[in-house]
Amino acid sequence: VLGGAAAADEPRTVRLLTVGNSFSQNATHYLDDLAKGAGDVLIHHQAAIGGGTLEQHWEKYERHEADPDDPRGLYTTKKSLVEELAAEPWDFVTIQQASIKSHDASTYRPYAGRLAKLIRTRSPHAKLFMHETWAYRRDDPRFAVKAPAPGEPADQEAMYRGLSRAYRLIAGEIDAPIIPVGDAFHLADSDPEWGYRPDPKFDFDDATFPALPRQTHSLHMGWKWSKKSNGQYALGFDGHHANVAGQYLGGCVFYETLYGKSVVGNPFRPNGINAEYARFLQETAHRAVAEARATNAKTAVPSAASR
């Protein structure tokens, strides 16, 4: 799609609006750093609701339309969705489902379609993408339930399969390609060398601060100690949100999808990620984007500068 090798090296400016929640914030955390590392520019606004669903974004839009003075119709930016859509000549706008519902395609309807129509009406030059979120860590308490409710994923693999199907189904319905962050997480977690594996030797019943289980190559926050108001430390777990490695992997997927350049070899890597692991994450992102394009030609979208 790009105009030869010279065009591939030209600096590009991408204007991105993400309509999502903490997962879109996680996945774009290092996107600006990756863009700068390649000599590119990112202009990014976030219309985020903590834990927000597609339905909640649509409800926020309707509240503002019904009463512009209702604060529930505004994001933390003090703007409505319509105002955010008008704030820049966006190249790309993304939407996503809340992770807890991501495996269930019925929860996307009719709100993904309504949001898609609104975005295309209010920002007609922007390309709409669905940001595919990721499955929870394999040792997340969600997967410890002995008898999951009907339709609930029993393990990480089932959650990934469900969300992958749901995102692709809805993406087809609204004619929007996918940013395959969830695919990249699955590829990394499934890798025999680099995938995360729970620590079988750690004694959680007798754990004392600051001891933690081995969490090498985790893409999720995982286990950490936090200080309570009484001064005691409590061991807590977050198997949902991305840690530094997961945020970097998500950023690599976003970068390659939106800029139309390979992220492999990008000089930026965050503190705590060594060069070898950074290279693996870059190559995993590259593979996920390439596979998404191969299975769905609609994801082979020109970058903003080459359209």
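Biologist: Where is the place of P110?

Modeller: P110 sits in the loop between β3 and α6 (111–122). Helices here are DSSP runs of H or I with at least four residues, and strands are E runs of at least two, numbered from the N terminus. This is a predicted model, in which local features need pLDDT of at least 70 and side-chain atom pairs count only at pLDDT 80 or more, while totals for chains, interfaces and linings use all residues. Residues are numbered from 1 along each chain as its sequence is written, and side-chain values use heavy atoms, with hydrogens and water left out.

Biologist: What kind of peptide bond joins R109 and P110?

Modeller: The bond between R109 and P110 is cis, with omega at about -5°. Another cis peptide bond joins F209 and P210, where omega is about 5°. P210 belongs to the loop between α8 and β6 (220–227).

Biologist: What is the mean pLDDT of the chain?

Modeller: The mean is 94, and 93% of the residues reach 70 or more, on a scale of predictor confidence per residue that runs from 0 to 100. Residues 1–6 have pLDDT below 50, and this stretch has 7 contacts in the model beyond near neighbours in sequence; a contact means heavy atoms within 4.5 Å. Residues 298–307 also stay under 50, with 33 contacts beyond four places in sequence.

Biologist: What is the strand order of the open sheet?

Modeller: The order of the 5 strands is β2-β1-β3-β4-β5, with parallel pairing. The edge strands are β2 (41–48) and β5 (178–179), since each of them pairs on one side only.

Biologist: How do you know that β1 and β3 pair?

Modeller: Pairing requires at least two DSSP bridges between two strands. Strand β1 (residues 13–20) and strand β3 (residues 92–95) run parallel and are joined by 4 bridges, so they pair under that definition. Within this pair, L17 has V93 of β3 as its bridge partner. Helix α7 (residues 156–174) packs on the sheet, where it touches β3, β4 (127–131) and β5, and its direction makes about 165° with that of β4.

Biologist: Why are α8 and α9 called oblique to each other?

Modeller: Under 35 degrees counts as roughly parallel, over 145 as roughly antiparallel, 65 to 115 as roughly perpendicular, and the rest as oblique. The axes of α8 and helix α9 (residues 244–259) cross at roughly 130° and come within 9 Å, where axes are lines fitted to C-alpha atoms over the stretch in contact and angles between N-to-C directions run from 0 to 180 degrees. The pair is therefore oblique. V181, A184, F185 and A188 of α8 make the contact with G246, L249, G250, V253 and F254 of α9.

Biologist: How do α8 and α10 pack?

Modeller: Helix α8 (residues 181–190) packs against helix α10 (residues 275–295) at about 130°, with the axes 9 Å apart. That angle makes α8 oblique to α10. D183, A184, L187 and A188 in α8 meet F280, T284, A285, R287, A288 and E291 in α10. These contact residues divide into 6 nonpolar, 1 polar and 3 charged, with Ala, Val, Leu, Ile, Met, Phe, Trp, Tyr, Cys and Pro counted as nonpolar, Asp, Glu, Lys and Arg as charged, and the others, Gly among them, as polar.
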